[in-house]
Structure formats: structure tokens, C-alpha cells
2 protein chains.
Amino acid sequence: MYIDLSHGSGGKQTSSLIHDIFLKHFDNETLNKLEDAAVLDIGGRIAYTTDSFVVTPMFFRGGNIGKLAVCGTVNDLSMMGAKPKYLTAGFIIEAGTDMNQLDQIAQTMKEAALEAGVKIVAGDTKVIEGSGNVYINTSGIGEILKEGVSIQNCRPKDAILLSGNLGEHHAAIMSGRMGIENTISSDCAPLSSIVADLLKNGIDVHCMRDATRGGLATVLNEVSESSHCRVEIDETSIPISREVKGFCDILGLDPLYMANEGKMIAVVPGEQAEAALAAMQQNKYGENARIIGDITEGAGVYMTTALHGRRIIDILYGEGLPRIC
Amino acid sequence: MYIDLSHGSGGKQTSSLIHDIFLKHFDNETLNKLEDAAVLDIGGRIAYTTDSFVVTPMFFRGGNIGKLAVCGTVNDLSMMGAKPKYLTAGFIIEAGTDMNQLDQIAQTMKEAALEAGVKIVAGDTKVIEGSGNVYINTSGIGEILKEGVSIQNCRPKDAILLSGNLGEHHAAIMSGRMGIENTISSDCAPLSSIVADLLKNGIDVHCMRDATRGGLATVLNEVSESSHCRVEIDETSIPISREVKGFCDILGLDPLYMANEGKMIAVVPGEQAEAALAAMQQNKYGENARIIGDITEGAGVYMTTALHGRRIIDILYGEGLPRIC
């Protein structure tokens, strides 16, 4: 069965779609009420964010657009030192979408939400003309666990940690799009538990960012600009799997600019670098974590290369890979 | 200048787009920080909702997709007895979109947000292939002003009020799409001030709903189903402008099923009906408010027609008008 424009009318078919797919999977007391808005109890300081997802192909090794939509917003909240609590999900569905695919996407969202400990408490569906693509917006609310975690908060002598291998989401999407056979799987994952582990171990995290569109290079440039500091990293310390490295070599890609969906940097006081690394490596999503560099006085992002050269790491210019997330 | 895929890369062009259009208009301390999530202070009970907007044409008499995107979410929060406080805005922009149009949309959102007293505190942009359409998702957070306002909360002897003329948004969109010349203007408006007026005047509102997709008929059916009651309305009491009535007569449309973007029902205790009506009529968006019926024991939605007949008002079946909001 396929979606047609009547599923977006606000009438009977919209109601069936909502009940048969979304309520079935997202089932919770708040959402089930089908009010105009969810009513929630949440105290004090919150983090609040939104993200839209337009990835193509919608299904790829290691996940699908629904998993991205949950993890992406969970990660944005986590990066602010917040515990993700509630999500909304807005679906823009093209006519011609296969109901079974939509069901699978919703099922994956349910599983990802369960793992990340969030509830999907409000939603919306719209149907447009088209040929079977689905676009998903999620917004999210989290409770702030630690104040002052900010991209503006990095200081000289801070250490920079990276939670694991670069480039896997990007390589998985490219492989899917180009029909290249390999075993590279997207790293798409909720990072909320790594953040909880860092905070539980008393790490005074100054800044966290997930390295999505634009990759590690873009995130490090944002750190440098927002905190008015220089970022120094060491190429040999940056973890990349052999398979992704081979993929990049063949296609001439730079892993520093490739998108990730389950990797973050944490900028922590230099003296806590080893403790933070240990906390990250205990987590299943941080096994390959490394200390990759530090913050100094100055400006810009610099990398000491494997051949002991020095390279300026600029912000991404141009289109990178469109519709990566 | 037009949007191309590079504006969605996460790199330099994305950054220009965000600064030159969105930050310029939405300018506020929280958003300007460009963190992964906004950090907000909000106490206790909140309402939380999301809505996506795909209306075509994007510009119409009385508004544009940006005004809809702000008012739609503001209204969903208001209908739960909440004071809207914060919005997020997620843009999915097709390549080929005219930057000037995008600028105009953002400008309108800024004005609507100002009127409704909300701040746009987080955002996201994605670019997809296409031919110049823009899709906007907004989510919103409000502070609950009155507990227990719910679609499940209507009781026999409650009165039903409608805040004004039906069908204007629907007729304006259809006119735009069909190239019909008339002066019908969308009723798109924030309803937060009507809700504030009702509560300020001590009205014990049981339920509020804005009559968007599917129209008044759909909302009344939701009331009947969720509150397990019968809804009785009187056709002669339902306000419709002469021009919309003429438009409907020519095209064979039923105003009860037509979408509105600035009209709501309020279900209030029968003895407060007149006081609620007075409160609504004082508001500039409620001048044409009427008491249109009441709640009784039973099930279903019934209308006494102008000719003293009795008609069952069923839920919309089929596609109505796709992409109306």
C-alpha cells in the first residue's frame, strides 16, 4: 500500500496513517491523547533544539532516516550537557511512499528513542506530491545536567578528545548512492550515554560537539572562532578504520571533512584529559576514543601531519556531499 | 540570487545563508549563540508541539508560508491553555529558491513571532534538489496558564463558541492556485491573545481547538469522539463572509470542511457562554465570534440547518485540498 495525497487531508486517511503507523510504534500516554500539544512536567533549565533529515538513500547500512532523526536531535541536546527527555517528530511524506518502508522507519525511531531514553510526545504529518521520499524533522527537549557547556567556552591548555573513528556515516551513504559493495556501516548512534559517563566521572567538560555535516574540520573551526583560540591537532592520533581509509584513498576524500552521526569531540581541562579518555573508552560508542589535540592562544585550526608537516585546516567550502543527513 | 545545494553543505555557504537571512531577522541572544541547542529557563508545566508547513503557493493574499509556520504552532500551544514562549524553525529548502523570497518569508516570521510574543531560539536548514519550494517545520514550547484544557474534557450543557468567519484561508489558497481574482484574504493569525482574554475574564474553558485542515466539521468530530458526547450546532449561527459564501456556492464547497488558520472553537460551561462570547468579541481576531451550539449526551455531530432540517456532520473523507498549510 502506498501513500497518496488523501493521507495528508486531515481527515479519515490521515487519522488511519497516524494510528496504524505512528501511534503503533511511538505509543505513550502523552502522544496517545492526540491533543494539539503535549503537556509535560519539566523543571528549571532546559536545552531545546531542532533538526531536519533529508538523507538519500533513506535506508543505508547501519540505519535509516528514522534512526538519524532520533539520534541527531538526541545528540544535539547531549552536546549542551543535557539529558534528552522528549522529542517531537514532523513527517513530510511524498505521495508514492511505500507504507511498509514508513512502518520500518517508525519502528527504528521507536528503538532509537528507547535506547536514548526519550519519548516522542508530539507529531505531525504532511503529504506532498513526489515519488516516495520522506523528510523528517525532530525537535527535542533535555534537562541541563551541567551548566556552561558551550562552543564559546574552550580555553588554552584544554585537551580535545574525539570519541571514535571518522567518516563512517559519510562513506556508508556514498557507498549506498554509488552502489559500491563494502561492509562500511554508518556510525549513527545516540551519544547521550557517553555524555552521562563523562559527567558521572566528574569531568569539567568545557565544550562538546558532534561532528556531522562538514565533519571534524568544520566543528574545530567553529570552536576556534567561537572561543577565540587556536586549535592544534595531530594527524597520527585521529582514528580511522582501515576500510574507510581505503575508501577515502580511492575516491580522494578527506576524512576530516566527512560527516559522522555518532562521533563527538569533548574539550576538557588538560589535567582531566586522561580521565575523560578513560570515561569515553568505557562506553560502547567510545571504544576508539583518542586525545587528538589541544587548545592554544591564537586563531585558526592547525594539524601536524603524519610526515611532521603543518597544515591549515579550513572550513568546508562548496557542497561536500548533499543530503548526507 | 538562488539557493543551490552548496547552501546545505554545513560549510561556508550554509553559514552565509544562516547569517544573512535567518539570524538577521530572528536575531535574539539565545539563537545568536549558534549552539547545538538553545538553553532556556522555563518552570513547571509546559506545552510542547510541532507542525510542518508545505502550503502551495507559498505566498498568498493575507500571508505566506512563514506566517503560517509561526501562527500554526503558536495556535497549537494556545489551544492547550498555554502561553507560547519559544519556537524552533527547521527549513527544508529546494535548490532554485529565490533568496529574496526566503528573506521575505523570514521577515514575516519575525513579525508574526513578535506579535505572538514568542522567540525563535533554534533552527536548522537543509537543501534538497527541486524547483524553489520551501518547507518549514516549527516546534514550540509554552507555559501552561490553565490546567486540564483538553479535547477529552467537554461535558453535556457546555456551550460551543466559534471565534469568527469560516473558510477564508481555504478560499484564499484555492483562489491563488486557480488564478481566481477576488479580495478573499487568509485569516492566518496568532490566537494567543484570544486565549489570554478568555482566561483573564475567568472563563473555565474546557477545550479549545483551532479549525485547520479538515475544518470545523473535523474538529467537532474530534470533540465528540474524545469526550464521548454529542455535538449539536445551528447552521444559522455559523459566521461566513458574503464573499466566501459566494465562492463556496460557485465551486460547490462546504465551509464546514474548509481550512482556517486563525479560527478556533472554545467549549465552555453553558452558564459562561455569554461572558466567553463578550471576551472573544473584544479581541480583534474574535470580532465575529458566535455561540454556535452545545454539547449533549450521546454521540456524533448534528447540525440544525437553516431550513430546520437535521444533518449529520461526518469527518472529512478523501483529500480535501492538499497542501493547504
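Which residues of chain A does the UniProt annotation "domain: PurM-like N-terminal" cover?

1. The model is predicted: local features need pLDDT of at least 70, side-chain atom pairs count only at pLDDT 80 or more, and totals for chains, interfaces and linings use all residues. Residues are numbered from 1 along each chain as its sequence is written, chains are lettered from A and ligands numbered from 1 in written order, and side-chain values use heavy atoms, without hydrogens or water.

2. According to the unreviewed UniProt entry, the annotated domain covers residues 35–144 of chain A; such annotations may be inferred rather than shown by experiment. This span is 29% helix and 46% strand, and its end C-alpha atoms are 27 Å apart. Helices (H or I, at least four residues) and strands (E, at least two) are DSSP runs, numbered from the N terminus.

3. Helix 5 of chain A (residues 168–178) is largely enclosed by the rest of the structure, because 8 of its 11 residues are buried (under 20% relative accessible area, 1.4 Å probe, protein chains only). The buried residues run from A:E168, A:H169 and A:H170 through A:A171, A:A172 and A:I173 to A:M174 and A:S175. They pack against strand 3 (59–60), helix 3 (65–78) and helix 8 (242–251) of chain A. After helix 5 comes A:G179, with a positive phi near 70°.

4. The same surface serves both copies, as 100% of the contact residues of chain B (heavy atoms within 4.5 Å) recur in chain A.

Notes:
Buried means under 20% relative accessible area, exposed over 50%, partly exposed in between (1.4 Å probe, protein chains only).
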